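Here is a short report on selected features of one structure. Please look at the sequence and the model first.

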Amino acid sequence: MEGSLNISDIFGRDVFSDKVMRERLPKSVYQRLRKTVKEGYELDPTIADSVAQAMREWAIENGASHYTHWFQPLNGITAEKHDSFLSAVDSEGKAILEFSGGELVRSETDASSFPSGGLRATFEARGYTVWDCTSPAFLRREGENVTLCIPTAFCSFTGEALDKKTPLLRSMQALSREALRLLRLFGNTSSRSVKPTVGAEQEYFLIDRKKYLRRKDLVYTGRTLFGSMPAKGQELDDHYFGVLRSRVAAFMRDVDIELWRLGVTAKTEHNEAAPAQHELACIYDEANLAADHNQLVMEILKKAASRHGLECLLHEKPFEGVNGSGKHNNWSLMTDDGINLMNPGDTPHENLQFLLLLSCILAAVDIHADLLRLSAADVGNDHRLGADEAPPAIISCFIGTQLQEVVKQLIGTGYATNSPRGKNLRTRVNTLPELCADGTDRNRTSPFAFTGNKFEFRMVGSSDSIANANIVLNTIAAEQFRAAAERLEKAAKFDLEVHDLIKELLTEHQRIIFNGNGYSGEWVLEAKRRGLPNYPSMVDSIAALTTEKAVKLFGDFEIYTETELQSRRQVEYEHYAKVINIEARAMINITGKQIIPAVIHYNTRLADSVNKVRSACPDADVSTQTELLLRSSKLLAKMQAARQKLLSDVEDSIRIPDPEKRARVYRELVFPDMQALRGPADQLEKIIDKDLWPFPSYGDLLFEVSEP
């Protein structure tokens, strides 16, 4: 799109928004639908036909020929099945276009073809997608094709949730109910709901697509399974916030326009720390919309990159030796009338409501640290967490010096009389204004950090859905809010009881507060002394799903049944094993079909060189060629031995029937085999002629995102 751009002219243009509904729906229908969307009222099924008719007319006017129920199964991406609006042909051969309320509200799909953890088998395949009216329908444009996308939930024929949206909506409902109980105790009678609001920061890599297609490891797995670091990495800190290359800037503009048309509030974009790495952040939205929008962000990043001759990598660690990519989940609580409950105000020591909510959240994170860690568990994230670029796998909370002082006073006496304020900073340059500093610093090594008026959960992986993290955050907070409300509702003297409760919660759960360096080895030892759990890998954390504590938590709030938890546990173990199996087989194929032939070619060339030089000049010194030949031959033998062991262990592991045992074997046996195979291959890359090495190097990928 050429020329100037006015964001307000295009924002939300492809969304069946509140404005569009107000203009097109009968007034009574609009009001009933709005009550459901904004206030959580039960959906009135009698309005579906009116909504469907208006939605169809709007979509067709905007060029749509098909519609789809857009849902988020347990494979972490989105799914869609397209149906045209064509419903029949009349006696004159004219097409009849229809879209009924029934088609809007429900669609059937094959549930057995998605991960279900045993809830669905091939012979019992039926599943349903159900309209989520809280997330607006939108138009997806792919060239000449325009499709009406209807956000939906996904469940099995027997009623279990098979997606990430259903439990997210359940958790938001539970959180709102329990938070309102507390607000009423503090005299708030006007707020009608409390919504978790989320702003997701999405990190990603951009590389040249032609080079990407020559790397089968990237194509199959999303990360480089081989590759030695180039002479330069990120050590000069010259990429972070650096000037955007014109090709990248054009890509970002394309992404922004597409997102804005879909009502996604793309706000901030910049170069990240690693070469070829970038970030896009959106403005806060209600958690379910933020989750939907982040899925759209990831999809559009991938598609827009392809149009620009680029490839977007969303893997958490696509390149060994440089920073990986995460997704910061900024989580806060907002009432329907605009009150941010996580805003401590200028004098947080006097804000009892905030201090109670804070102490409840700290308690929730301490009690359910295992579940919070699990919510960010992903195969790719195992490469990233704790690697001096992301938070450690140990859950802790940073609250900053201001709140730390308040907490110290509350633990000591039950009351806080003061809180440190931010200082005025002078730059000592007359022409620069004086700055008012925040009341506390930030801590980028903390997994769960309070940052002024929100918590930033920094552990989520870049390719993962943010739904998992927010389901856990909403539910564990709801549990503590409920416990606090039950106690305070019975209190004879509310003010005294709330002070006592805050002191008790902070005293009992102060171990979760850590304002120091989460990267340090000392913190690992200190966390162990405090009794904080440490789950280094995804496989270690999965069991948290089905502990007695978790089953009770999710069951009490009707987020998950025990059956749904058991199924998700199986899905997670199976997912881990499948991903490692794909990576291992990719390594076996790449070494056998590409690297080993290249090394043999190199060795043959060297051997020919030695023989020809000796033949031409018997006294010539061929020690260099001989040394290189010996070294590459030894590495080749080492690589072949590692390849054979990996092949054997993969063949044995895949036959293990129990999902948990299979995942653990892949973690404890197959993954180390993969590392053993990569070692000699990466050393050989440093020796073999560049023209013989079978695929682009790290230097080619990271530093050659040149102009097309």
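This is a predicted model: local features need pLDDT of at least 70, side-chain atom pairs count only at pLDDT 80 or more; totals for chains, interfaces and linings use all residues.

Residues are numbered from 1 along each chain as its sequence is written, and side-chain values use heavy atoms, with hydrogens and water left out.

The structure holds 21 aromatic pairs. Rings of Phe, Tyr and Trp (its six-membered ring) pair if their centres lie within 6.5 Å; planes under 30 degrees apart count as stacked, over 60 as edge-to-face and the rest as tilted. Two of the pairs are tabulated here.

| Pair | Centre to centre | Angle of planes | Class |
|---|---|---|---|
| Tyrosine 67 and phenylalanine 85 | 5.5 Å | 35° | tilted |
| Tryptophan 70 and phenylalanine 138 | 5.2 Å | 85° | edge-to-face |

Tyrosine 67 has 8% relative accessibility and counts as buried (under 20% relative accessible area; exposed is over 50%, partly exposed in between, with a 1.4 Å probe and protein chains only). Phenylalanine 85, at 2%, is buried too. Tryptophan 70 and phenylalanine 138 are also buried.

Ring pairs also join Phe354, Phe448, Phe450, Phe455 and Phe457 into a cluster.

Arginine 667 lies over the face of phenylalanine 671, 5.4 Å from the ring centre. The criterion is NZ of Lys or CZ of Arg within 6 Å of the ring centre and within 35 degrees of the ring normal.

Glycine 699 is buried, at 18% relative accessibility. Glycine 227 is 472 residues away from glycine 699 in sequence, yet their C-alpha atoms are 9.5 Å apart.
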